[in-house]
Amino acid sequence: MTKNQKIVYIALLAAQAVILGLVERSIPFPFAFAPGAKLGIANLITIIAIFTLPLKDSFTVVWMRLIMTTLLGGTLSTFMYSCVGALLSYLGMLLVKQLGPKYVSIIGISATGGILHNVGQLVVASWISQTWTVMLYLPVLSFMGILSGIAIGIAANYLLEHVRTLRDFQAVYYTQSAKKNQQTKWLKPIKD
């Protein structure tokens, strides 16, 4: 993969994440019993970035999504909520991914990201409101995070198995990782 191909791929992933985030923002709250709960559709792109790009580049995708989504209709408070939630989710997914496919699937990694995104947002809400009682809402949001994480994980798993471009980038990523003496345990054989 050339440098230009990688830059275009990162830009495309970031653009897709921004579009998915804006589309999700335009959908009214889908869960009436859990105000503030969202589907987390843009997290699909984060998972794809984690599995097809090196750490620095996947972080670039997440950061570009946060900045662009905020510039296209967000406020400082939405940026704070999104930033802490997305970064905590991203770091948590990276840590859980280190366990390997023997212990956790892409769906489990995605569900972890869904829970941690809600934890991050509630921490910001607690800081803004100057009370930790906001954290009492965590069980409801965690349940919703698990459900949406499972759905996003299933979609990511399907895309990583059936979209040839993603499989190609995944193969390049794990080949480069193997050259740096990292494990290639997540690479699935490419079927034609």
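Reader: How many of the 192 residues of the protein chain count as buried, in percent?
Author: 39% of them do. Buried means under 20% relative accessible area, exposed over 50%, and partly exposed in between, with a 1.4 Å probe and protein chains only.

Reader: What should I know about the source?
Author: This is a predicted model: local features need pLDDT of at least 70, side-chain atom pairs count only at pLDDT 80 or more, and totals for chains, interfaces and linings use all residues. Residues are numbered from 1 along each chain as its sequence is written, and side-chain values use heavy atoms, with hydrogens and water left out.

Reader: How many helices and strands does the protein chain have?
Author: 7 helices and 0 strands. Both are DSSP runs numbered from the N terminus: helices are H or I with at least four residues, strands are E with at least two.

Reader: And which contacts join residues at least 24 apart?
Author: Take contacts between residues at least 6 apart in sequence: 69% of them join residues at least 24 apart. Contact means heavy atoms within 4.5 Å.

Reader: Let's zoom in on α3. What should helix α3 span?
Author: Helix α3 covers residues 55-71, and its 17 residues should span 24 Å at 1.5 Å a residue. Its end C-alpha atoms are 24 Å apart, which agrees. The expected span is 1.5 Å times one less than the number of residues.

Reader: Which residues in α3 are buried?
Author: Asp-57, Ser-58, Val-61, Val-62, Arg-65, Leu-66, Thr-69 and Thr-70. The buried residues of α3 pack against α1 (3-26), α2 (43-52) and α4 (76-97).

Reader: What follows α3?
Author: Gly-73, with a positive phi near 140°.

Reader: Which residues make the nonpolar surface patch?
Author: Phe-59, Trp-63, Ile-67, Met-68, Leu-71 and Leu-72 make a patch of about 540 Å². Patch residues have over 30% relative accessible area and no salt bridge; like charges are joined within 9 Å, and nonpolar side chains (Val, Leu, Ile, Met, Phe, Trp, Tyr) within 5 Å. A salt bridge is a side-chain nitrogen of Lys or Arg within 4 Å of a carboxyl oxygen of Asp or Glu. Areas come from the Shrake-Rupley method with a 1.4 Å probe; for residues, only the protein chains shown count as cover.

Reader: How many aromatic pairs does a search of the whole structure find?
Author: It finds 3. In one, the rings of Phe-59 and Trp-63 have centres 6.2 Å apart and planes at 10°, so the pair is stacked. Rings of Phe, Tyr and Trp (its six-membered ring) pair if their centres lie within 6.5 Å; planes under 30 degrees apart count as stacked, over 60 as edge-to-face and the rest as tilted.

Reader: Where do Phe-59 and Trp-63 lie?
Author: Both are in helix α3, 4 residues apart, about one turn of the helix. Phe-59 is partly exposed at 35% relative accessible area. Trp-63 is partly exposed too, at 32%. Phe-59 also pairs with Tyr-90: the ring centres are 5.8 Å apart and the planes at 50°, so that pair is tilted. Phe-59 lies in helix α3 and Tyr-90 in helix α4, so the pair ties together parts 31 residues apart in sequence.

Reader: Is Tyr-90 buried or exposed?
Author: Tyr-90 counts as buried, at 2% relative accessibility.

Reader: Which residues form the aromatic cluster?
Author: Phe-59, Trp-63, Phe-79 and Tyr-90 form one cluster.
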